[in-house]
Amino acid sequence: MNYADLHNPHDLLLIANVWDAASAVAAQEAGYQALGTSSAAIASTLGYEDGQGMPFDELFYMVTRIQAVSKLPLSVDMEAGYGDSAEEIAANLRRLAQTGVAGVNLEDSRVINGVRQLDDASDFSRILSTVCDALRSENCRLFLNIRTDTYLLGHKDALQETISRGQRYKAAGADGLFVPCLTSEKDISLIAQASGLPLNVMCMPDLPSFDRLKRAGVSRISMGNFVHSAMQSTLSDIMHAIRSRQTFEGLFSDENNR
């Protein structure tokens, strides 16, 4: 099945967000249909801050290692594209597409002096349109899942701003709309209907059940870096336990070997 066909109103696509080869293998063995990288998780794994703190070449290497152990469709979290111009972003996406990557996430915000800020919608739309034109002129097929950070950043009129941006991004060539931190079923339904794009929401503590999300019009659910964070928390607990208890017995308990 074509990767784009997995985004449909009849079946939710649950993306397993991974950060290295081992997590990709675990997701594949668990029966997931598709993988997505988490930029925050990969950055943490490599010792960088999220927000394009790591060089693109290092992200690219991690992508190739994930692809080496899994044949599942892979979407790469490209943050703001790892470039300052549409040409640089398109070149990076072209490089990923040549490895067989199925899609990417691109977001309309950037971390500037340690603070994440929304891009101007018109400026971002122009860049996106140029990127889409460049890729399609070379028959470079990638599912472009465009992330808007209106809810993540607490925009004062998040619903209307999200709808407006979603419509702009569709006109510019987006294939999907990703709205992290969106949890209201009413807002989800309105955005899904008005944007005209497959809607992607993200794991959150108060996110509705998958059945309710499906009824509200969601096409895709992703995990962000929450699974990686849970793994890191467990790792930290184990390290502290070994040092404080002065024994390795806890490593071999049923709880740690499930």
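## Which way do H2 and H3 lie relative to each other?

In this predicted model, helix H2 (residues 39–46) packs with helix H3 (residues 56–69) at an angle of about 105°, with 11 Å between their axes (lines fitted to C-alpha atoms, over the stretch in contact for helices; angles run from 0 to 180 degrees between N-to-C directions). H2 and H3 are therefore roughly perpendicular to each other (65 to 115 degrees).

On the H2 side, the residues that meet H3 are Ile 42, Thr 45 and Leu 46. Their counterparts in H3 are Glu 58, Leu 59 and Met 62 (contact: heavy atoms within 4.5 Å).

## The barrel

Now to the strands. Eight of them, in the order S1-S2-S3-S4-S7-S8-S9-S10, form a closed barrel with parallel pairing (at least two DSSP bridges per pair). From one strand to the next, the twist averages 25°.

Take S3 and S4 as an example: this parallel pair is joined over 3 bridges. Asp 77 has Asn 105 in S4 as its bridge partner.

## A helix across the strands

## Reading the numbers

Helices (H or I, at least four residues) and strands (E, at least two) are DSSP runs, numbered from the N terminus. Residues count from 1 along each chain as its sequence is written, and side-chain values use heavy atoms, without hydrogens and water. As the model is predicted, local features need pLDDT of at least 70 and side-chain atom pairs 80 or more, while totals for chains, interfaces and linings use all residues.

Conventions: Parallel < 35°, antiparallel > 145°, perpendicular 65-115°, else oblique.
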